Amino acid sequence: MDRSFKAPERTDVAQWRKVGALWRHGYRFWSYRLYPGAESLPAEFKEVAGFLRRTPDHPMRLKSARATARKPAGRY
């Protein structure tokens, strides 16, 4: 995590699910100042699946996760 990460309330299970899903898919919570044109991270867990499909090369995603996302099925 980075200084830009704002932790959800301890009891906000849905937001923690969202954070966990993004983290597991290689997204990190860096400052957008370095990437002014980048799409914002989703606000709710229900938006995560669509966000993952739309943004395989998002600048806040680790390069190793980007490469894995582009591999054809069956090559993992």
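**Aromatic pairs and the nonpolar core**

The count of aromatic pairs here comes to three. Keep in mind as you look around that this is a predicted model. Ring pairs link Phe5, Trp16 and Phe29 into a cluster, and the largest nonpolar core has ten residues in all.

**Ring pairs**
- The ring centres of Phe5 and Phe29 are 5.1 Å apart with planes at 65 degrees, so this pair is edge-to-face.
- Phe5 sits in the segment before α1 and Phe29 in the loop between α1 and α2, so the pair ties together parts 24 residues apart in sequence.
- Phe5 is buried at 19% relative accessible area, and Phe29 is buried too, at 9%.
- Tyr27 and Phe51 have ring centres 5.2 Å apart and planes at 50 degrees, so their pair is tilted.
- Tyr27 belongs to the loop between α1 and α2 and Phe51 to helix α2, so here as well the pair ties together parts 24 residues apart in sequence.
- Relative accessibility is 0% for Tyr27 and 1% for Phe51.

**Core and helix α1**
- Members of the largest nonpolar core include Phe5, Val19, Leu22, Leu41 and Leu52; α1 and α2 each supply at least two of its residues.
- Helix α1 covers residues 13-24 and reaches 16 Å from its first C-alpha to its last, close to the expected 16 Å.
- Lys18, Val19, Gly20, Ala21 and Leu22 are buried in α1, and their cover includes α2.
- After α1 comes Gly26, with a positive phi near 95 degrees.

**Charges over rings**
- Arg17 lies over the face of Phe45, 3.8 Å from the ring centre.
- The charged end of Arg28 sits over the ring of Trp23, 3.5 Å from its centre.

Key. Residues are numbered from 1 along each chain as its sequence is written. This is a predicted model: local features need pLDDT of at least 70, side-chain atom pairs count only at pLDDT 80 or more; totals for chains, interfaces and linings use all residues. Side-chain values use heavy atoms; hydrogens and water are left out. Helices (H or I, at least four residues) and strands (E, at least two) are DSSP runs, numbered from the N terminus. The expected span of a helix is 1.5 Å times one less than its number of residues. Buried means under 20% relative accessible area, exposed over 50%, partly exposed in between (1.4 Å probe, protein chains only). Contact means heavy atoms within 4.5 Å. A nonpolar core is a set of buried Ala, Val, Leu, Ile, Met, Phe, Trp, Tyr and Cys residues joined through side-chain atoms within 4.5 Å. Rings of Phe, Tyr and Trp (its six-membered ring) pair if their centres lie within 6.5 Å; planes under 30 degrees apart count as stacked, over 60 as edge-to-face and the rest as tilted. A charge sits over a ring if NZ of Lys or CZ of Arg is within 6 Å of the ring centre and within 35 degrees of the ring normal.
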